[in-house]
Amino acid sequence: MDKEINSHYSILIVDDEPLIRESLYEVFRIEGFKARMASSAEEALEIVNNDKVDIVVADLKLPQMTGLELLKEIKKSKPQTEVILATGYGTIETAVDAIKHGAYDYITKPINDNEVKLLIGKIVEKRQILEENRNLRDFIAQRGRNAFCGMTGSSEKMQKIYQLIESVASTNATIFINGESGTGKGLVARAIHESDHNRKGKPFIEVSCGALSETLLESELFGHMKGAFTGAIKDKEGRFEFAKDGTIFLDEIDAFSPALQVKLLRVLQDGVFERVGDNITRKASARIIVATNQNLTELVERGDFREDLYYRINVIMIKLPSLRERKEDIDLLVKYFIEKYSKKNNKKITGISEEVKRILLEHSWPGNIRELENAIEGAVIMAKTEIINRWDIPNVAKFAATATPKLVNGRPLKKILEQPERDLIIAVLNECGWNRNKAAASLGINRTTLYNKMVKYKITDKDRKL
Ligand SMILES: Nc1ncnc2c1ncn2[C@@H]1O[C@H](COP(=O)(O)OP(=O)(O)OP(=O)(O)O)[C@@H](O)[C@H]1O
Ligand SMILES: [Mg+2]
């Protein structure tokens with residue numbers, strides 16, 4: 001028995017015979033328990049109701065109220081309290097009755113010290129497990145999870161992502177993962193597959209659609225027949241066939257050409273496709289996950305992405321937060337990456353300096369987790385001491401330059417330049433008394449361009465300085 005653990009538990013011994021009472025008291029005290037004694041059931045009940053008592057060891061035969069009655073009372077007011085009853089020969093039946101009424105167990109008299117210690121040990125063990133479970137549950141309920149399927153992060157935004165993944169995993173729905181570059185779309189796709197009890201263990205096929213030309217992508221996805229195009233020297237299965245009834249993850253979906261979009265739409269609508277150069281129609285049974293870091297609605301508006309395909313894809317969307325939207329996770333991610341790359345590089349790095357912490361928090365992370373991961377990997381390799389310092393971070397100058405996050409804040413350069421461009425056009429227009437020919441000439445653009453920009457920026461007479 002562990003005395004340190006035992007010291008958290010209190011035992012009450014109830015017996016009208018002082019010798020028995022006191023010897024048990026000694027046994028428990030030596031084992032580290034908080035032990036108390038009572039000479040009657042009434043006295044015991046008083047203690048149980050007013051103090052914290054975890055375990056009661058009571059004689060069945062007590063002067064007035066019996067041990068059995070005491071047990072019933074305790075179970076009524078303090079059901080968590082465990083009761084062990086001690087019985088002489090001949091009263092075993094009552095003892096069995098006691099168990100029916102919620103006693104933990106009974107022991108026979110004369111009491112064997114080891115036997116009672118064993119029983120108490122079991123109770124303590126049970127309590128410990130219950131407590132650990134409760135702590136774990138509380139931890140999960142209150143603080144949420146620190147990680148999920150290889151994703152690190154305890155922020156509220158990530159908790160929602162974890163829950164969403166769990167709830168959609170076992171459906172057959174197509175899932176659309178959207179988020180800036182480096183936010184972990186690949187990890188989410190894998191997590192969906194792993195959380196899906198019907199597909200886990202089956203193929204998970206990932207296709208980086210942006211990396212392939214149109215012809216190659218089509219044959220990669222759907223397969224081809226010998227001679228279907230130059231270089232098709234034999235029949236080939238496509239990724240949809242490889243994926244079987246597992247998961248197929250189409251990354252960079254924005255790279256699909258209009259013709260391929262039609263073919264994908266058919267897979268999504270009818271679950272069928274053909275190999276290039278083949279006329280046999282095949283069934284696609286894999287769950288489809290697609291991802292892009294682009295704004296698909298914008299692509300639809302521009303006519304670069306089919307609207308009907310967009311609606312088919314966008315049944316369930318998982319929108320990943322950028323790192324700058326969940327900076328509270330940076331600490332945890334840094335720890336995770338330090339550990340990962342220390343191990344990989346055989347180094348003993350324990351943390352980062354306060355200055356580095358500040359730099360990392362101020363940075364706007366346009367490349368999100370991938371950028372953070374690369375920075376930490378580089379720093380771990382560079383670091384000469386156990387603590388990563390400012391000079392260990394690669395491109396520290398770049399970090400300093402982007403330490404104006406309020407201005408940049410991850411928006412693309414084009415967007416950032418819009419406001420000054422608008423201001424400039426208005427200023428020039430005012431200089432030229434709103435003569436558009438003059439203003440266009442002064443800006444070095446033609447009249448139509450000026451006109452278009454004025455429409456785009458909603459520049460009207462209201463902006464005219466009187
Ligand atoms: N929550 C996370 N915890 C730990 N590592 C992460 C997390 N999110 C992303 N990463 C890591 O960051 C890197 C980028 O992730 P991933 O490739 O999934 O991003 P992505 O969103 O697919 O980016 P892209 O649009 O550029 O393809 C990977 O090395 C991945 O392991
Ligand atoms: Mg990716």
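Predicted model: local features only at pLDDT ≥ 70, side-chain atom pairs only at ≥ 80, totals over all residues.

Residues are numbered from 1 along each chain as its sequence is written, and chains are lettered from A and ligands numbered from 1 in the order in which they are written.

Let's start with the domains. The chain is assigned domain 1 (3-138), domain 2 (151-319), domain 3 (323-408) and domain 4 (417-463), with bounds that come from an automatic or database domain assignment. Between the C-alpha centres of domain 1 and domain 2 there are 62 Å.

Now find ligand 1. Around it sit 16 residues, and Thr152, Ser181, Gly184, Lys185 and Gly186 are the closest; a residue is near a molecule if its C-beta atom, placed from the backbone, lies within 6 Å of it. The elements giving two or more residues to this shell are β7 (151-152), α8 (185-195) and α16 (368-382). Helices here are DSSP runs of H or I with at least four residues, strands are runs of E with at least two, and both are numbered from the N terminus. Domain 2 and domain 3 each supply at least three residues of the shell. Sorted by class, the shell holds four nonpolar, nine polar and three charged residues. Ala, Val, Leu, Ile, Met, Phe, Trp, Tyr, Cys and Pro count as nonpolar, Asp, Glu, Lys and Arg as charged, and the others, Gly among them, as polar.

Stay with α8 for a moment. Its axis is 8 Å from that of helix α7 (residues 156-169), and the two pack at an angle of about 45°. (Axes are lines fitted to C-alpha atoms, for helices over the stretch in contact, and angles run from 0 to 180 degrees between N-to-C directions.) That makes α7 oblique to α8, oblique being whatever is left once angles under 35 degrees are called roughly parallel, over 145 roughly antiparallel and 65 to 115 roughly perpendicular. On the α7 side, Ile165, Glu166, Val168 and Ala169 make the contact, meeting Val188, Ala191, Ile192 and Ser195 of α8; contact means C-beta atoms, placed from the backbone, within 7 Å.

Further along, helix α20 (residues 418-431) and helix α21 (residues 436-443) cross at roughly 125°, their axes coming within 9 Å. So α20 is oblique to α21 as well.

Most residues other than glycine have a negative phi, and most peptide bonds are trans. Yet Lys109 and Pro110 are joined by a cis peptide bond, with omega about 0°. Pro110 lies in the loop between β5 (105-108) and α6 (113-143). Cys149 has a positive phi, near 45°, and belongs to the loop between β6 (147-148) and β7.

Notes: Contact = placed C-beta atoms within 7 Å.
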